[in-house]
Amino acid sequence: MQLPQLFLDKMKDLLREQYAAFVASYEEEKARGLRVNPLKAPVRDFLRIAPFELTEVPWVSEGFYYGKEDRPGKHPYHEAGLIYIQEPSAMAVGALVDPRPGETVLDLCAAPGGKTTHLAGRMNGEGLLVANEPHPARAKILSQNVERLGVRNAVVTNEMPDKLAARFPAFFDRILVDAPCSGEGMFRKDPDACAEWSPEHVTMCADRQLDILESAAKMLKPGGRLVYSTCTFSPEENEGTISRFAERHPEFAIEDAQAYEGFDRGRADWTADAAPGIGETLRLWPHRIRGEGHYAAVLRKADGEELPVRRKHAKGFNDLKALKDYFSFADEALTVTPAGEFTLFGDQLYLLPSGMLSLDQLKVVRPGWHLGTLKKNRFEPSHALALSLKGDEVRNRLSLPAESPQMLAYLKGEALEAEGPKGWRLVEVDGYSIGWGKVADGTLKNHFPKGLRWTGR
Ligand SMILES: C[S@@+](CC[C@H](N)C(=O)[O-])C[C@H]1O[C@@H](n2cnc3c(N)ncnc32)[C@H](O)[C@@H]1O
């Protein structure tokens with residue numbers, strides 16, 4: 001692989017005796033990783049059914065390497081949201097954020113959603129997760145991944161960080177800034193990052209990272225945890241950005257980020273005016289672990305009183321007459337009735353996560369748990385609702401084995417034979433929800449979304 005000469009010269013200077021091993025790592029196979037989604041299945045249950053060659057990623061309980069011949073991204077379990085394909089080093093970041101159920105969490109640079117879905121899994125559907133991505137097309141992909149993994153408590157926004165900072169001052173318990181960067185750590189995986197690289201790009205990225213951190217700092221509660229990460233090696237974007245931020249923000253202290261075998265520490269000698277604690281940040285190197293390059297820092301904002309702020313809470317939509325068809329659907333098809341603060345976007349019905357602030361004037365891709373469409377005189381449940389439901393939350397289900405011809409036919413959008421009562425039926429793969437069907441006269445009409453169908457397979 002052809003790496004930029006200026007990049008190689010710089011790495012040689014920094015790494016010295018480790019340089020040869022570092023360069024040799026570019027000739028090695030990249031590590032392939034997947035993360036089990038605990039919102040769908042506990043890890044031990046997934047391991048019982050997984051048809052892949054899995055070995056544990058040492059730093060994340062939900063993370064596994066898979067074999068070279070495996071194609072987990074093309075398996076019905078992927079479609080059902082049981083797994084997320086994620087680069088193993090990147091999994092370390094979600095674990096450092098370490099969110100708890102019930103907390104208020106922000107993922108500020110979130111697409112395509114690897115870390116958002118990791119955080120969501122750890123929050124177990126409780127609390128509020130705001131996932132933001134300024135690039136519109138990427139925000140859409142983020143939203144699709146939130147849907148596929150059956151996340152109930154996330155709001156997806158498409159904003160610049162400063163716009164969010166004005167709306168959410170001192171609001172979040174934990175914030176992740178997985179910053180846009182020069183991507184040096186991904187050259188092996190992503191040749192585009194390699195082609196874009198230049199010293200000027202590194203400097204531009206470092207300045208942008210500082211701006212993003214400024215917004216994040218405003219949105220964190222006193223005592224809150226801020227995790228900063230990049231997938232690049234350049235000290236300017238790692239120790240440099242964190243040191244510049246810490247100098248401007250004495251209310252933040254760098255905390256010890258938990259290290260595992262093969263993880264290295266941030267280098268105070270690689271930046272001018274290194275912040276105290278820079279040696280407690282993490283560097284992950286491809287020649288030291290089975291994963292790509294990453295950097296991560298954990299910071300804590302000092303406890304203290306913030307000036308009281310007036311918050312405008314999201315106003316729910318509670319027109320019971322308009323919601324009548326939704327409640328009839330829930331009565332007939334479900335054993336639970338998702339309820340709380342509803343919100344309507346056009347004819348699309350959502351449930352807002354608890355504690356959500358007003359979304360007025362913000363670009364919102366997904367305002368919460370998508371329940372379905374309020375059609376004229378009937379309610380049609382959404383694919384997101386199907387993916388987030390467990391078997392015991394629905395009255396009627398049809399579980400198909402992953403390898404069965406019926407499963408493939410369902411994913412291709414075909415109708416299936418089905419006995420039993422008329423009405424909505426949750427289709428499952430080996431007991432895990434994957435979509436809706438509607439039964440009448442012995443036939444299950446296929447409601448697997450057209451855009452997701454497995455055509456050509
Ligand atoms: C490293 S990627 C995030 C990867 C993601 N966290 C994941 O795990 O899947 C950085 C993201 O930041 C977005 N971004 C670019 N400029 C930004 C800005 N000024 N503020 C916030 N995010 C930005 C990029 O579009 C990109 O999607």
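Two residues count as in contact when their C-beta atoms, placed from the backbone, lie within 7 Å. I keep this in mind while reading the model, which is a predicted one.

**Entry 1: the annotated span.** I looked up the UniProt record, an unreviewed entry, and it places the feature "domain: SAM-dependent MTase RsmB/NOP-type" at residues 19–302.

**Entry 2: helix H10.** I then turned to helix H10, which runs over residues 199–219 and so has 21 residues. From its first C-alpha to its last it reaches 31 Å, which is close to the 30 Å expected at 1.5 Å a residue. Which residues of H10 are buried? I listed Val 202, Cys 205, Ala 206, Gln 209, Ile 212, Leu 213, Ser 215, Ala 216, Ala 217 and Met 219. Looking for what covers these buried residues, I found strands and helices, including strand E5 (104–107), strand E8 (172–178) and strand E9 (220–230), together with helix H8 (161–167) and helix H11 (239–248).

**Entry 3: around the ligand.** I next went through the 18 residues around the ligand, of which Cys 109, Gly 114, Lys 115, Asp 178 and Pro 180 come nearest. The elements that give two or more residues to this shell are helix H6 (114–123) and H10, the latter being the helix of residues 199–219 from my previous entry. Sorting the shell by class, I recorded 10 nonpolar, three polar and five charged residues.

**Entry 4: positive phi values.** I also checked backbone angles, and Ala 170, in the loop between H8 and E8, has a positive phi of about 45 degrees although it is not a glycine. Is Ala 170 buried, exposed or partly exposed? Ala 170 has 17 other C-beta atoms within 10 Å, and because a residue needs 20 or more to be buried and 12 or fewer to be exposed, Ala 170 is partly exposed.

Gln 361, which lies in the loop between strand E15 (348–351) and strand E16 (364–366), is not a glycine either, yet its phi is positive, near 70 degrees. For Gln 361 I noted 10 other C-beta atoms within 10 Å, so this residue is exposed, given that the cut-off for exposed is 12 or fewer.

Key:
Residues are numbered from 1 along each chain as its sequence is written. This is a predicted model: local features need pLDDT of at least 70, side-chain atom pairs count only at pLDDT 80 or more; totals for chains, interfaces and linings use all residues. Helices (H or I, at least four residues) and strands (E, at least two) are DSSP runs, numbered from the N terminus. The expected span of a helix is 1.5 Å times one less than its number of residues. A residue is near a molecule or strand if its C-beta atom, placed from the backbone, lies within 6 Å of it. Ala, Val, Leu, Ile, Met, Phe, Trp, Tyr, Cys and Pro count as nonpolar, Asp, Glu, Lys and Arg as charged, and the others, Gly among them, as polar. UniProt positions are given in the numbering used here, feature names are shortened, and annotations may be inferred rather than shown by experiment.
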